[in-house]
Every structure is written in C-alpha cells, then in structure tokens.
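Open the model in your viewer and keep the selection tool at hand. Each stop below says what to select next and what is there.

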Amino acid sequence: MSFQAYLDKIEEKTGKTPRELVDEAKSHGYDAPQVKAGTILDWLKTDYELGRGHGMALVHVIKNGPQISDKHVGRPGPHGDPSNMLWLDGKATNPALR
C-alpha cells in the first residue's frame, strides 16, 4: 500500500481528512518533538480504531508534514507514490485522482 493509500484509507475509516486529523493532533500537542509515536498511536486507536500501520502513516505526517522521501516516489507496484508530497485534503479533492 502506498503512503497516500494509507491516508486515503484513514479518511474512509474515520470520516475525517488527514489534514483534519493532523489539526486535531496539534490541538492535543501531539506534534511536539518529545511526544512519542506510541502516545499518538494510542489516541488514534482509542478515538478512531486505527491500527498500527495506518497510525504510523499519520504519525509521520503529524511529526514531519506531508513530504515523504523520494525513495517512495515512482516505485513500481502498490508501494510507490506518484509524488513526494502527500495530499491531506481528502481524496475527493485530490487532483492526481481526476
């Protein structure tokens, strides 16, 4: 599953766009450098029933923003992303899917 596919699936599961979840995480202070991934994962599991894989994709975005490593871009198969910038505003508005 590509990084973007994880975020799209999170939106399907929670009813919230990745950006909405990032904003919510920031309002809880989860974007602070000292906050561990486990704390964020616990919150996502408790409030949204997200598992570790989907949660870790969101942890990356909460902690590092929407840019991912170029090593993920253009890889063949289901793990490749078309861009090093993730779309956080909902898959219905993603220009790459139109």
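The model is a predicted one. Most residues other than glycine have a negative phi. Glu-49 has its positive phi although it is not a glycine. Glu-49 sits in the loop between α3 and α4. Is Glu-49 buried or exposed? Its relative accessible area is 71%, and the cut-off for exposed is over 50%, so Glu-49 is exposed.

**One step back: Tyr-48**

Now select Tyr-48, which lies in helix α3. Tyr-48 is buried, with a relative accessible area of 15%; the cut-off for buried is under 20%. Show what surrounds Tyr-48: leaving out residues up to four places away in sequence, it touches Thr-14, Lys-16, Leu-21, Glu-24 and Trp-43. Tyr-48 and Ile-10 are 38 residues apart in sequence, and their C-alpha atoms are 9.1 Å apart in space.

**The whole of α3**

Colour Ile-40, Leu-41, Trp-43, Leu-44 and Tyr-48, which are buried. These residues cover an arc of only 160° around the axis, which puts them on the same side of α3. An α-helix has 3.6 residues a turn, so residues three or four places apart point the same way.

What do the buried residues of α3 pack against? Their partners are α1 (3-14), α2 (18-27) and α4 (52-64).

Turn the view to the other side of α3, where Asp-42, Lys-45 and Thr-46 are exposed. Pick Thr-46, also in helix α3. Thr-46 counts as exposed at 63% relative accessibility. Thr-46 and Lys-16 are 30 residues apart along the chain, and 15 Å separates their C-alpha atoms.

Move to Val-35, in the loop between α2 and α3. Val-35 is buried, with a relative accessible area of 16%. Not counting residues up to four places away in sequence, Val-35 touches Gly-29, Tyr-30, Ile-40 and Lys-63. Ile-40 is one of the buried residues of α3. For a distance to check in the viewer, take Val-35 and Ala-25: they are ten residues apart in sequence and 11 Å apart in space, C-alpha to C-alpha.

**Helix α1**

Select residues 3-14, which form α1. At 1.5 Å a residue, the twelve residues of α1 should span 16 Å; the end C-alpha atoms are 17 Å apart, which agrees. Buried here are Phe-3, Gln-4, Leu-7, Asp-8, Ile-10, Glu-11 and Thr-14. Together they cover an arc of only 155° around the axis, which puts them on the same side of α1. The buried residues of α1 pack against α2, α3 and α4. Just after α1, select Gly-15, which takes a positive phi of about 80°.

**Helix α4**

Next, select residues 52-64 for α4. The 13 residues of α4 should span 18 Å at 1.5 Å a residue, and the end C-alpha atoms are 18 Å apart, which agrees. The buried residues of α4 are His-54, Gly-55, Ala-57, Leu-58, Val-59, Val-61 and Ile-62. They pack against α1, α2 and α3. Just after α4, Gly-65 has a positive phi of about 85°.

**Last stop: α1 against α4**

Show α1 and α4 together. Two packed helices are described by the angle between their axes and the distance between the axes. Here the axes of α1 and α4 come within 9 Å and cross at roughly 110°. Angles of 65 to 115 degrees count as roughly perpendicular, and α1 and α4 are therefore roughly perpendicular to each other.

Which residues meet in this contact? From α1, select Phe-3, Tyr-6, Leu-7, Lys-9, Ile-10 and Lys-13. From α4, select Gly-53, His-54, Ala-57, Leu-58, His-60 and Val-61. Coloured by class, the contact of α1 with α4 shows seven nonpolar, three polar and two charged residues.

Conventions: Residues are numbered from 1 along each chain as its sequence is written. This is a predicted model: local features need pLDDT of at least 70, side-chain atom pairs count only at pLDDT 80 or more; totals for chains, interfaces and linings use all residues. Side-chain values use heavy atoms; hydrogens and water are left out. Buried means under 20% relative accessible area, exposed over 50%, partly exposed in between (1.4 Å probe, protein chains only). Helices (H or I, at least four residues) and strands (E, at least two) are DSSP runs, numbered from the N terminus. The arc is that of the directions from the helix axis to the C-beta atoms. Contact means heavy atoms within 4.5 Å. Axes are lines fitted to C-alpha atoms, for helices over the stretch in contact, and angles run from 0 to 180 degrees between N-to-C directions. Angles under 35 degrees count as roughly parallel, over 145 as roughly antiparallel, 65 to 115 as roughly perpendicular and the rest as oblique. Ala, Val, Leu, Ile, Met, Phe, Trp, Tyr, Cys and Pro count as nonpolar, Asp, Glu, Lys and Arg as charged, and the others, Gly among them, as polar. The expected span of a helix is 1.5 Å times one less than its number of residues.
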